Amino acid sequence: MKKILIVGAISAIAEATARVWAQQGDYLFLVARDAQKLAVLAEDLRVRGAGRVETYVMDANDYAAHAPMLDAAEQALQGLDTVLIAHGVLPDQAACEQSVELTLRQIDTNALSVVGLLTLLANRFEQRKAGVIAVISSVAGDRGRASNYVYGSAKALVSEFASGLRQRLAASGVTVVTIKPGFVDTPMTASFKKGPLWAKPEKIAAIIAKACDSGGGAVYAPWFWFYIMAIIKLIPEFVFGKIKI
Ligand SMILES: NC(=O)c1ccc[n+]([C@@H]2O[C@H](COP(=O)([O-])OP(=O)(O)OC[C@H]3O[C@@H](n4cnc5c(N)ncnc54)[C@H](OP(=O)(O)O)[C@@H]3O)[C@@H](O)[C@H]2O)c1
């Protein structure tokens, strides 16, 4: 039985992952902005077998709330083994291009709030010399593209920050997992036309749960995105600048 904190617990990917953990009888501390949705999810997870489910309302952009939330999680579950940071937004790229304020707000949510949480968690887990910190980044962070570079650059920051943490914390026995999903059919992508590269949240959830149990690293979800992004990263700048993807 593990003691697991999920930030952004209402996200479709996080919910699906919470269901995997609930079926294992794990203890869950769920954090999100919407108290009502949290209550519904908590009840569902109890029915599915979670050993214990607690909820906590927090906006991830409220930095002052991060440390009290972590204290509450550790107190409620009598410790923490695993944390999944899942919250995020997919910005309107065109609107961001016209607004500094909107661009910075999206980067705040997708990157800086995550960096704030990771910093606090790293120090707590490092002291205890144990624990798993998992964060959902994106393949979009592997190379900035015209169609979504506000989102992509925020995710790049998350990926690189997690990479550095992974190296720093390896000596302390703390595992850092970076999940890089490709296209996932969730409310975030509701308006997108779906195709063969798309995955369901349940598929990503299984990958996240497995990665948390098996030693960390950066994990493409599903695996074939590693090869797609390897090709995209290899395109020389003089070619990349002339194409739109
Ligand atoms: N779907 C994809 O194709 C895809 C691909 C790669 C990576 N990802 C990443 O996967 C993660 C989960 O996304 P998803 O696809 O499951 O989308 P989702 O169902 O739309 O979930 C996003 C969640 O983030 C929460 N959130 C946004 N801003 C927040 C804030 N300031 N404080 C607290 N919670 C906040 C939202 O809460 P509210 O309900 O309160 O708005 C929502 O529950 C995200 O990090 C996303 O960037 C998704």
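The legends below describe a predicted model of a protein with a ligand. Residues are numbered from 1 along each chain as its sequence is written. Because the model is predicted, local features need pLDDT of at least 70 and side-chain atom pairs count only at pLDDT 80 or more, while totals for chains, interfaces and linings use all residues.

**Figure 1. The fold of the protein.** The protein has nine helices and seven strands (DSSP runs, H or I of at least four residues for helices and E of at least two for strands, numbered from the N terminus). Its C-alpha trace spans about 55 × 40 × 35 Å along the principal axes. Of the 245 residues, 41% count as buried, that is, with 20 or more other C-beta atoms within 10 Å of their own, C-beta atoms being placed from the backbone.

**Figure 2. The shell around the ligand.** The shell divides into 13 nonpolar, nine polar and three charged residues (nonpolar: Ala, Val, Leu, Ile, Met, Phe, Trp, Tyr, Cys and Pro; charged: Asp, Glu, Lys and Arg; polar: the others, Gly among them).

**Figure 3. Phenylalanine 240 and its surroundings.** Phenylalanine 240 is found in helix α9, residues 237–240. This residue counts as partly exposed because it has 17 C-beta neighbours inside 10 Å, a count between the limits for buried (20 or more) and exposed (12 or fewer). Arginine 145 lies 95 residues away along the chain, and the C-alpha atoms of phenylalanine 240 and arginine 145 are separated by 8.9 Å.

Technical notes:
Near = placed C-beta within 6 Å.
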